[in-house]
Amino acid sequence: MSKQFVLASGNAGKLREFGQMLSSQGIKLLPQSAFQVSEAEETGLTFVENAILKARHASQATGLPALADDSGLEVDALKGAPGIYSARYAGQGAGDEANIDKLLTALDGIPEAERTGRYQCVLVYMRHALDPTPLICQASWEGVVLTERRGQGGFGYDPIFYIPALQASVAELSAEQKHLHGHRGKAMRAFFEQLHLLLPA
Ligand SMILES: O=P(O)(O)OP(=O)(O)OP(=O)(O)OC[C@H]1O[C@@H](n2cnc3c(O)ncnc32)[C@H](O)[C@@H]1O
Ligand SMILES: [Mg+2]
């Protein structure tokens with residue numbers, strides 16, 4: 001068992017957040033780009049399937065344990081879309097700004113009370129590419145989709161995802177606030193608890 005593992009993601013926003021969350025944990029997390037790992041095909045129909053595909057792909061390519069994050073935004077008025085397709089909502093490679101524009105258009109005219117949704121994050125840790133019992137941690141974060149962008153921080157849908165309890169869009173939160181309240185931070189804390197059981201200091 002190793003405290004060095006590969007992060008199976010090509011998303012710069014996620015990599016930054018993982019780096020911030022791991023700095024206090026004494027764990028060395030190497031981005032898959034350091035090994036020239038290609039992008040995995042996300043052919044699953046659930047977050048958990050896609051996270052497994054990504055972790056397995058990175059572990060296979062590097063020979064190291066791998067952690068993958070599959071995440072996205074579910075909007076109730078859109079029956080859960082964009083969901084697992086959040087990264088490619090406006091088309092493969094279209095990017096965050098185009099995804100936001102498409103979501104704002106899809107919700108045009110829908111009143112605030114019906115703009116509810118949640119971020120989902122599923123983390124999968126595989127000790128090796130054929131690991132039959134991956135660690136799986138999942139968390140969500142409830143909010144409302146705004147009608148226009150607010151704030152400069154974060155990535156993805158953060159400028160249009162508003163957290164009523166904090167009276168701010170996620171892009172208006174500090175990195176620490178996002179980790180404390182957010183889907184990825186919650187899933188990471190659950191993951192650390194499980195990992196520390198596996199890897200006693
Ligand atoms: O698959 P990897 O390489 O990790 O990178 P990705 O960007 O393709 O990641 P996903 O397939 O998991 O898609 C997740 C998308 O959901 C959105 N998303 C996930 N977490 C988010 C967050 O914390 N803030 C804003 N948007 C988020 C964002 O658009 C991501 O591109
Ligand atoms: Mg992806």
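Visitor: Among contacts in the protein between residues at least 6 apart in sequence, what percentage join residues at least 24 apart? After that, please look closely at D70, which UniProt lists.

Guide: The share is 59%, where contact means C-beta atoms, placed from the backbone, within 7 Å. The model is predicted: local features need pLDDT of at least 70 and side-chain atom pairs 80 or more, while totals for chains, interfaces and linings use all residues. Residues are numbered from 1 along each chain as written, with chains lettered from A and ligands numbered from 1 in written order.

The protein has 5 helices and 7 strands (DSSP runs, H or I of at least four residues and E of at least two, numbered from the N terminus). From the N terminus, their order is β-α-β-α-β-α-β-β-β-β-α-α. The C-alpha trace spans about 50 × 30 × 25 Å along its principal axes. Of the 201 residues, 37% are buried (20 or more other C-beta atoms, placed from the backbone, within 10 Å of their own).

Now to D70. An unreviewed UniProt entry lists D70 under "active site", an annotation that may be inferred rather than shown by experiment. D70 sits in strand β3 and counts as buried because 27 C-beta neighbours lie inside 10 Å. Leaving aside residues up to four places away in sequence, D70 touches F47, N50, A51, K54 and V122.

The shell holds 22 residues, of which S9, N11, S86, A87 and G156 come nearest (C-beta within 6 Å of the ligand). The elements giving two or more residues to the shell are β3 (66-75) and α3 (96-106).

Key
Buried ≥ 20, exposed ≤ 12 C-beta atoms within 10 Å, placed from the backbone. Contact = placed C-beta atoms within 7 Å.
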